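Hi everyone, thanks for coming.

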Amino acid sequence: MSAKSRTRTPARELLFGNLWEYDPAPETSSPQLQDRYTLFINGKWTAPRTKKFFTSLSPRDGKPLADIALAGAADVNAAYQAATSAFPAWSKLPGAERGKYLYRIARLLQDRAREFAVAETLDGGKPIKESRDFDVPMAAAHFFYHAGWADKLDCAMPGKTLAPLGVVGQIIPWNFPLLMLAWKLAPALACGNTVVLKPAETTSITCLKFATILQEAGLPPGVVNFVTGAGETGAAVVNHPLAKKIAFTGSTAVGKGIQRALAGTGKKLTLELGGKAANIIFEDAAIDQAVEGIVNGIFFNQGHVCCAGSRLLVQESIASAVMQKLKIRLRSLRVGDPMDKNTDIGAIHSLKQWEKIDELVKAGVAEGAELYQPPCALPEDGYYYAPSIFTNVSLSHRIAREEIFGPVLSVLTFRTPEEAVEKANNTPYGLSAGVWTDKGSLAMKMAAELKAGVVWANTYNKFDPTSPFGGFKESGFGREGGKQGLLEYAELI
Ligand code: NAI
Ligand code: MG
């Protein structure tokens, strides 16, 4: 073999040849699905007054999973009435008693972790290893953490008491359905609020399964109500006069509309919207670890992550070395059936999202950026996209400015820390950023200057219930997690 052809051979093939292919390792546990789900109002399964249902598909193969009730304004109203009736007793319960419910919920979710992981992966398309090792355990962790707060609300702010707000309306997206439900429900309940929650229309199943956990935990009827449906149902949740607060996670466009709708109503609002995070690699960084951080930053959950490290800023002196290692690493990523335990990148969440990603990738090519995709066979059914990296990207390109929400990385270079800060902050968003360097002082300086709610140093996409998460600018406002997140669900008196 000539030296020239040797340098072209990808690392995995060099090591193992083409013979070493993984056998399929399908997850076989049952997700325990029903064919049809009605609404969960006042602790009971309730047929929608609209009499309408819609179908939730699996992005894995495009096949139907279950029928979901379409809640109309009258259904949303019934949910608010139930939450309003449940509020006095729930809010007056001693914190330690509310805490017991939250602990029970957390433990029941742990007991049924496998079943929930499978349901999450089937409905949303994320790899089973992520729903099993991240989404479900983190959701349980949020209930455990907030269970601990429930009887310590008097200690949260010296000299002040945290009083509940009343009924809160919550709207969550499809990228982390169960985890976002936990982020929203746990602090609201710990503080003594009651809830009307709407999951995303494409991923209602784990939310509705969660209702059975609430029943098993003996949560009083009406404390939590689930209404399912799309934007119109969401708008009814936002605009209901009994809501004292709205918490929303989703697109910036819908978030802005909600803010306009709530102006002057006196309702509290928290918005967690999109992002276009910079993942910044300095020349003194541990390159192999940084490459893992880049891969995790953009390909975790197919890049359907609001804080995804979708813009790689790499110092010019190491750019070619980083790109070479990154391309080799990309060839070892396994794209395919999300139910296979070896899969790294699962199915794109929906045809609509696939089309959005493809449109932006085509725009990147048309605007002159250079696209790299490793050779990989994609399943024929379902929605799949090859991991994609763009070089020769300029700040004005759409792929450098717009949230793609897919497995697509835009690479830019910089020479000095000042240039890195300027480029990183040159975006309407401000949710997260990553910094990779051997120098603690440089990491601290960058963290101070980057306009982002979360800055990770020498890691990426690390979450913890104790750590507040939220954005600046068009990424929204308010924090979730930690004491700061708790305060969003209380009035200080
Ligand atoms: P979306 O913002 O429409 O959906 C999020 C949630 O809001 C869903 O539960 C939806 O039913 C609800 N909703 C939609 N219209 C509403 C309205 N008028 N009033 C109240 N609730 C409403 O997001 P979509 O269309 O699913 O995704 C579009 C893009 O948004 C994605 O490509 C991505 O860029 C971004 N996105 C960002 C998320 C994040 O975590 N920051 C999550 C989901 C999407
Ligand atoms: Mg679905």
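The centres of domain 1 and domain 2, taken over C-alpha atoms, are 30 Å apart. Domain 1 covers 36-273 + 475-492, and domain 2 covers 275-457; those bounds come from an automatic or database domain assignment. Quick housekeeping: this is a predicted model, where local features need pLDDT of at least 70, side-chain atom pairs count only at pLDDT 80 or more, and totals for chains, interfaces and linings use all residues. Residues are numbered from 1 along each chain as its sequence is written, while chains are lettered from A and ligands numbered from 1 in the order in which they are written.

Okay, so where do the domains touch? On one side we have 17 residues of domain 1, and they contact 23 residues of domain 2. Contact here is C-beta atoms, placed from the backbone, within 7 Å. On the domain 1 side, H5 and helix H6 (128-150) are the elements giving two or more residues, and H6 gives the most, with three. (Helices are DSSP runs of H or I, at least four residues, and strands are runs of E, at least two, numbered from the N terminus.) That side splits into four nonpolar, seven polar and six charged residues. By nonpolar I mean Ala, Val, Leu, Ile, Met, Phe, Trp, Tyr, Cys and Pro; charged is Asp, Glu, Lys and Arg; the others, Gly among them, are polar.

Let's stay with H5. H5 (residues 113-124) packs against helix H8 (residues 205-216) at about 155°, with the axes 9 Å apart. Axes are lines fitted to C-alpha atoms, for helices over the stretch in contact, and angles run from 0 to 180 degrees between N-to-C directions. So H5 and H8 are roughly antiparallel, the label for angles over 145 degrees; under 35 is roughly parallel, 65 to 115 roughly perpendicular, and the rest oblique. Phe116, Ala119, Glu120 and Asp123 of H5 meet Ile205, Thr206 and Lys209 of H8.

Now, what surrounds ligand 1? There are 26 residues around ligand 1, and the closest are Gly231, Gly234, Gly250, Ser251 and Cys306. The cut-off for being near is a C-beta atom, placed from the backbone, within 6 Å. H9 gives the most to this shell, with four residues. The tally for the shell is 13 nonpolar, nine polar and four charged.

How values were computed
Two residues are in contact if their C-beta atoms, placed from the backbone, lie within 7 Å.
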